[in-house]
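Take a look at the model below. Then follow this short tour of its parts.

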Amino acid sequence: MNLRERLFNAQGEPVAPPPSEPPPSVNGHIPAGAEEQAREPAAPESRQPEKASLAERLRESAAAPSAPGGALREQRPTESHRGDPFASLKTRVHRACIDKLGSQLFGAAIDDDLTEVVRQTVEEELTADRTPLTRDEHSRLVREITDDILGYGPLEPMLEDDSITEVMVNAFDRIYVERAGKLEPTQVAFLDNAHLMRIIDKIVSQVGRRIDEASPMVDARLPDGSRVNAIIPPLSLKGPTLTIRKFSRDPYSMHDLIGFGTLSQRSADFLAACVRGQLNVLITGGTGTGKTTMLNAVSSFIPNEERIVTIEDAAELQMQQEHVVTLESRPPNIEGKGEIRIRELVRNALRMRPDRIVVGEVRGNETLDMLQAMNTGHEGSLTTIHANSPRDGLARLETLVLTAGVDLPLRAIREQISSAFDLILHLTRLVDGSRRVSHITEVLRMESDVITLQDLFLARPPDESGFETGPVSLLGELEYCGLKPHFLDKLSANGVNLPPEFFAVDESDLARASVARFRRLGA
Ligand SMILES: Nc1ncnc2c1ncn2[C@@H]1O[C@H](COP(=O)(O)OP(=O)(O)O)[C@@H](O)[C@H]1O
Ligand SMILES: [Mg+2]
């Protein structure tokens, strides 16, 4: 029996929610939680007043004598306290089993053998604990603890649902997900804080870390690559919280992004030529505008025979090429030692004979190293930076170099930036949640003290002031501005020739081109 089947079986228990409400998840813990709620209608003041939550509906149905929940309440008249009465027992046994099974648990795939080993260990530990239990309680506990050890409890169905990109556990009974860029509340819940804590413990111990009062904040990763952040009291006030950024098994390709209307076919063809022709490209945008997604898509244009080194804080990029080395920085351990930052990795990457260096995001003292690498023959590098416009991206690079304590005159830093990057691609998130490329901008040389930028493709808001004034609700098509980029020579030196037709502009393009600005903005 696989995990899914076991979870389904768990639903066959006599604690299923009322038939009028289909169970919100295929997880055995929901009915168990329902049981808790059903048993204690007398303590409603401790619950959040949330209309029509699962708990609410179950309590109502429990009050109705004909509903199955009501029958259940009568079955267990003695258990009237809040929370799982076995919470601490479960935690003890769970911990003991994890200690005992150790690496055996996390290396192996979950198959019938492993399930049986875990079940037996739970059995033994539960017996060894000597807490008096009825036979039913004993077998229920064995099943629940085994499920928790092998899986992620109530999180399981959400982790398997590919349409969910993020899972946010604000409290054990308050879980939100992000689907297609939008936040949604869910009806899924843990039994109580102790239950949530057990799952967090499990996730964290999988990567060999601990979470407790001494180190109440941990980043971890699920075996499928999803990133997990857990933070517990005393830092989070109301109880443990968990945030999971799911690893997309099938990341968006350039084709997908064109389909979403994020950019046009023509601009994508143009980007393909730029990447093949070894331009250094900077992707800018705010948080969650899709910079990493775009970096991943753009990097698919790197020819397969080139050697790529990727450097990230948490590996998100998924290169399709064969010749790839993936590096990930390391945070300091509890004693504050052993940290390896992006900067060290960039320096190390230079000794690895890379054709391309792809840095997930620049945000620290690695910036100058990146610039120097690009200026000393490591062409075709790609990276992202958090910024509100292409121009802001340049300013942010400058700030990062300066805050790293580099003793260089501002002008020299700008020189480095302008000769390092050839192209900036800016992403904007519209009010409706869609992501758009709003600028494809060429970085030109310095003129007096200022770096000159030239927009090659632009998506304009209906009124031109839109970019500077907060969230954008509407953007026009991403259109070619009609100006030939200055880096065409560099492209052809690298064997990439864009045909002259590519730059042909039709009547309507010409009209727009007159609007296209050869922008020279102050720093
Ligand atoms: N073009 C797009 N259209 C729709 N959703 C997108 C697009 N690009 C990214 N996303 C989604 O937005 C979220 C954040 O994307 P990500 O690339 O990590 O952003 P950033 O790196 O800018 O913080 C992800 O869930 C991703 O699936
Ligand atoms: Mg990112």
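Where is Leu 257 found? Leu 257 is found in helix α11. This is a predicted model, in which local features need pLDDT of at least 70, side-chain atom pairs count only at pLDDT 80 or more, and totals for chains, interfaces and linings use all residues. Residues are numbered from 1 along each chain as its sequence is written, while chains are lettered from A and ligands numbered from 1 in the order in which they are written.

Helices (H or I, at least four residues) and strands (E, at least two) are DSSP runs, numbered from the N terminus. The chain has 19 helices and 15 strands.

A residue is buried if 20 or more other C-beta atoms lie within 10 Å of its own, exposed if 12 or fewer, and partly exposed in between; C-beta atoms are placed from the backbone. Of the 523 residues of the chain, 37% count as buried. Leu 257 counts as buried because it has 21 C-beta neighbours inside 10 Å. Gln 104, in helix α6 (residues 103-107), counts as exposed because it has 12 such neighbours inside 10 Å.

Two residues are in contact if their C-beta atoms, placed from the backbone, lie within 7 Å. Leaving aside residues up to four places away in sequence, Leu 257 touches Tyr 252, Thr 262, Leu 263 and Ala 297. For the chain, take the contacts between residues at least 6 apart in sequence: 57% of them join residues at least 24 apart.

Distances run from C-alpha to C-alpha.

| Pair | Apart in sequence | Apart in space |
|---|---|---|
| Gln 104 and Leu 114 | 10 residues | 8.7 Å |
| Leu 257 and Arg 436 | 179 residues | 9.0 Å |

**Around ligand 1**

A residue is near a molecule if its C-beta atom, placed from the backbone, lies within 6 Å of it. There are 15 residues around ligand 1, and Gly 290, Lys 291, Thr 292, Thr 293 and Arg 435 come nearest. Helices α11 (254-260) and α13 (291-299) each supply at least two residues of this shell. Which helix gives the most to the shell? It is α13, with three residues.

Ala, Val, Leu, Ile, Met, Phe, Trp, Tyr, Cys and Pro count as nonpolar, Asp, Glu, Lys and Arg as charged, and the others, Gly among them, as polar. By these classes, the shell has three nonpolar, 10 polar and two charged residues.

**Helix α7: one buried side**

The expected span of a helix is 1.5 Å times one less than its number of residues. Helix α7 (residues 112-129) has 18 residues and should span 26 Å; its end C-alpha atoms are 26 Å apart, which agrees. The buried residues of α7 are Val 118, Thr 121, Val 122 and Leu 126. They cover an arc of only 130 degrees around the axis, so they sit on the same side of α7. The arc is that of the directions from the helix axis to the C-beta atoms. An α-helix has 3.6 residues a turn, so residues three or four places apart point the same way.

The face of α7 turned away from the buried side carries the exposed Asp 112, Asp 113, Glu 116 and Ala 128. Helices α5 (87-101) and α8 (135-150) are among what covers the buried residues of α7.

**Helix α10: largely enclosed**

Helix α10 (residues 193-206) has 14 residues. Of these, 11 are buried, so α10 is largely enclosed by the rest of the structure. Among them are His 195, Arg 198 and Asp 201. The cover of these buried residues includes α5, α8, β1 (164-171), β4, β5 and β6. Just after α10, Gly 208 takes a positive phi of about 70 degrees.

Two strands pair if DSSP finds at least two bridges between them. Strand β4 (residues 217-221) and β5 pair in the antiparallel sense over five bridges. Here Asp 219 stands opposite Asn 229, and Arg 221 stands opposite Arg 227. Their hairpin has five residues between the strands, and Gly 225 takes a positive phi near 100 degrees.

Strand β5 also pairs with β6 (residues 241-245), in the antiparallel sense, over five bridges. Asn 229 stands opposite Thr 243 in β6.
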